Amino acid sequence: MKINFLKLFALSHLTPVQKAHLSYAVRKDIEAKEIERLDRMQRFRRWKLKKLKWLNQRIKNKEQEKEMLEWIGNVLGEAIPNNVSYEDYLKDGVVLCNLINKIAPGSVKKIQTKGSNFQLMENIQRFQAAIKKYGVPEEEIFQTADLFERRNIPQVTLCLYALARITQKHPEYTGPALGPKMAEANKREFTEDQLRASEGHLNLQMGYNKGASQSGLGSFGNSRHM
């Protein structure tokens, strides 16, 4: 920022008071421009940090997509084509329907291998209904537009991770696993003798409580005799 101070103060017709006011106005102008410059720098830093977070998340998403493709390929027993993107590979729902049929045979009765967009979207909807029946929580299932219109591809990936996780609850599934093993419930079973013994012990405690009194505290509240 360049300000011609000599030109400002060379105006001989200005009085000292006017020059003082002019000097104050120049200082305020400099302060305003400096504040604006700092604000621009701060906005740039925020934008740069946001972009960095976005790039890190994008890298993470790509790693998850690669892992998911490997799992799908292992379940289906087929190689994943290298010349197609993750979302395009899943878009028509054919692979997804084949996936759930491999995990739980007969889940999807009809698969449209070609047709209009509406017919292909029906594949996705059949897959969604099948995995919901299989046990995937509804809140983890992506919307059709998330995949077909690419509105939220990360949600599609999270849904498939949920499907992989739920397979651990189905002992009939013996295919490839993905992700950490789910915790199993620690169910304890007791014999009738143990239950009766526990009940008797509880009744005994209740009996002591019912017979409790302040008889042993007779001196409480009484005056002391000397």
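**Helix H4**

I started with helix H4, residues 94-103, and found that it is mostly covered, with eight of its 10 residues buried. For the record, helices (H or I, at least four residues) and strands (E, at least two) are DSSP runs numbered from the N terminus. Buried stands for under 20% relative accessible area, exposed for over 50%, and partly exposed for what falls in between, with a 1.4 Å probe and protein chains only. The buried residues of H4 are Val 94, Val 95, Leu 96, Cys 97, Leu 99, Ile 100, Asn 101 and Ile 103.

**Ground rules**

I am working on a predicted model, in which local features need pLDDT of at least 70 and side-chain atom pairs count only at pLDDT 80 or more, while totals for chains, interfaces and linings use all residues. Residues are numbered from 1 along each chain as its sequence is written, and side-chain values use heavy atoms, with hydrogens and water left out.

**Whole chain**

I counted eight helices and zero strands in the protein chain. Read along the sequence, the pattern is α-α-α-α-α-α-α-α. Of the 226 residues, 25% are buried. I then looked at contacts (heavy atoms within 4.5 Å). Among those with a separation of 6 or more, 51% join residues 24 or more positions apart. The accessible surface comes to about 17,200 Å², and carbon and sulfur atoms hold 55% of that. Such areas come from the Shrake-Rupley method with a 1.4 Å probe, and for residues only the protein chains shown count as cover.

**Asn 123**

Which helix holds Asn 123? I located Asn 123 in helix H5, and it is buried, with a relative accessible area of 0%. Leaving aside neighbours within four places in sequence, I noted its contacts: Asp 92, Gly 93, Val 94, Cys 97, Lys 110, Ile 111 and Gln 112.

**H5 against H7**

I checked how helix H5 (residues 117-134) packs with H7: the angle is about 35° and the axes are 10 Å apart. Here axes are lines fitted to C-alpha atoms, for helices over the stretch in contact, and angles run from 0 to 180 degrees between N-to-C directions. Phe 127, Ile 131 and Tyr 134 in H5 meet Cys 159, Leu 160, Leu 163 and Ile 166 in H7. By class, this contact has seven nonpolar, no polar and no charged residues. The nonpolar class is Ala, Val, Leu, Ile, Met, Phe, Trp, Tyr, Cys and Pro; Asp, Glu, Lys and Arg are charged, and the others, Gly among them, are polar.

**Cysteines**

How many disulfides does a search of the whole structure find? I got zero, taking a disulfide as a pair of cysteine sulfur atoms within 2.5 Å. Cys 97 is buried at a relative accessible area of 0%, and Cys 159 is buried at 0% too.

**Two loop residues**

I stopped at Arg 150, which has a positive phi of about 60° although it is not a glycine. Arg 150 sits in the loop between helix H6 (144-148) and helix H7 (153-166), and is partly exposed at 42% relative accessible area.

Leu 178 is in the loop between H7 and helix H8 (192-210), buried at 10% relative accessible area. Its C-alpha atom is 8.7 Å from that of Glu 67, 111 residues apart along the chain. Apart from neighbours within four places in sequence, I listed Glu 67, Met 68, Trp 71, Tyr 161, Ala 164 and Gln 168 as its contacts.
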